[in-house]
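Please look over the sequence and the model shown here before reading on. The paragraphs that follow lead from the sheet to the helices, the cores and the charged pairs.

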Amino acid sequence: MPDKVHFLFHTKAIKYLKKLNMAEREKTLGLIKTKVYGFLYHNDRRYLTQDHYFSKMGMFESTIYYVKIDLNMRAIISVDEDPIFEEVRVNIYAICNRDSLQREISGIME
């Protein structure tokens, strides 16, 4: 179990969050954190999805997932565990609607 979890936001995710009002922003961040904590501490894989285009990058296993925030919204994240320092870094690359998910994933994977 990791002692510390650090959430890091990339430019696209910050840009999307700035468009939301404060209540929607807090709700979105809360849902992302709840689903990531469920994945880390309870192995709850219901909301984090790792499709076939994420599964391997060369000879390394990919740590990139997308999180289903609600019916329409998705967040593209990576979950990187550091066993030496017992911490986890969660990079939030982008938050988008499900229609533009594939395009965002392609941009991140390049």
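**From the sheet to its charged pairs**

Strands E5 and E6 run antiparallel and are joined by five bridges, where helices (H or I, at least four residues) and strands (E, at least two) are DSSP runs numbered from the N terminus, and where two strands pair if DSSP finds at least two bridges between them. This is a predicted model, in which local features need pLDDT of at least 70 and side-chain atom pairs count only at pLDDT 80 or more, while totals for chains, interfaces and linings use all residues. Residues are numbered from 1 along each chain as its sequence is written, and side-chain values use heavy atoms, with hydrogens and water left out.

Arg-74 has Cys-96 of E7 opposite it, and Ile-76 stands opposite Ala-94 of E7. The hairpin of E6 and E7 has four residues between the strands, and in it Glu-86 takes a positive phi near 50°. Strand E6 is mostly covered, since seven of its ten residues are buried, buried being under 20% relative accessible area, exposed over 50%, and partly exposed in between (1.4 Å probe, protein chains only).

Taken as a whole, the sheet is open and contains five strands in the order E1-E7-E6-E5-E2, with mixed pairing. E1 and strand E2 (48-49) stand at the edges with a single partner strand each, so one side of each is left without a neighbour in the sheet. Helix H1 packs on the sheet and touches E1, E6 and E7, its direction making about 60° with that of E7; axes are lines fitted to C-alpha atoms, for helices over the stretch in contact, and angles run from 0 to 180 degrees between N-to-C directions. Helix H3 (residues 101-109) packs on the sheet as well, touching E5, E6 and E7, and its direction makes about 135° with that of E7.

What lies between these elements? In soluble globular proteins, nonpolar side chains tend to be buried together. In this model the largest nonpolar core has 22 residues, of which Ile-77, Val-79, Val-90, Ile-92 and Ile-95 touch the most other members; a nonpolar core is a set of buried Ala, Val, Leu, Ile, Met, Phe, Trp, Tyr and Cys residues joined through side-chain atoms within 4.5 Å. Two or more residues of this core come from each of strand E1 (4-9), H1, helix H2 (22-42), strand E5 (64-68), strand E6 (73-82) and strand E7 (87-97), and H2 gives the most, with five residues. Leaving aside neighbours within four places in sequence, Ile-92 is in contact (heavy atoms within 4.5 Å) with Phe-7, Leu-8, Phe-9, His-10, Ala-13, Ile-32, Ile-76 and Ile-77.

The charged side chains form three salt bridges, each a side-chain nitrogen of Lys or Arg within 4 Å of a carboxyl oxygen of Asp or Glu. In one of them the side chains of Glu-104 and Lys-12 meet at 3.2 Å, N to O. Glu-104 lies in helix H3 and Lys-12 in helix H1, so the pair ties together parts that are 92 residues apart in sequence. Glu-104 counts as buried, at 14% relative accessibility, whereas Lys-12 counts as partly exposed, at 47%. Not counting residues up to four places away in sequence, Lys-12 touches Tyr-93, Ala-94 and Glu-104. The C-alpha atoms of Lys-12 and Cys-96, which are 84 residues apart along the chain, are separated by 9.1 Å.

Another salt bridge joins Arg-89 to Glu-87, with the closest N and O atoms 3.8 Å apart. Glu-87 is found in strand E7 and counts as buried at 12% relative accessibility, while Arg-89 is partly exposed, with a relative accessible area of 38%. Arg-46 and Asp-44 also meet in a salt bridge through their side chains, at 2.9 Å, N to O, and Arg-46 is exposed, with a relative accessible area of 61%.
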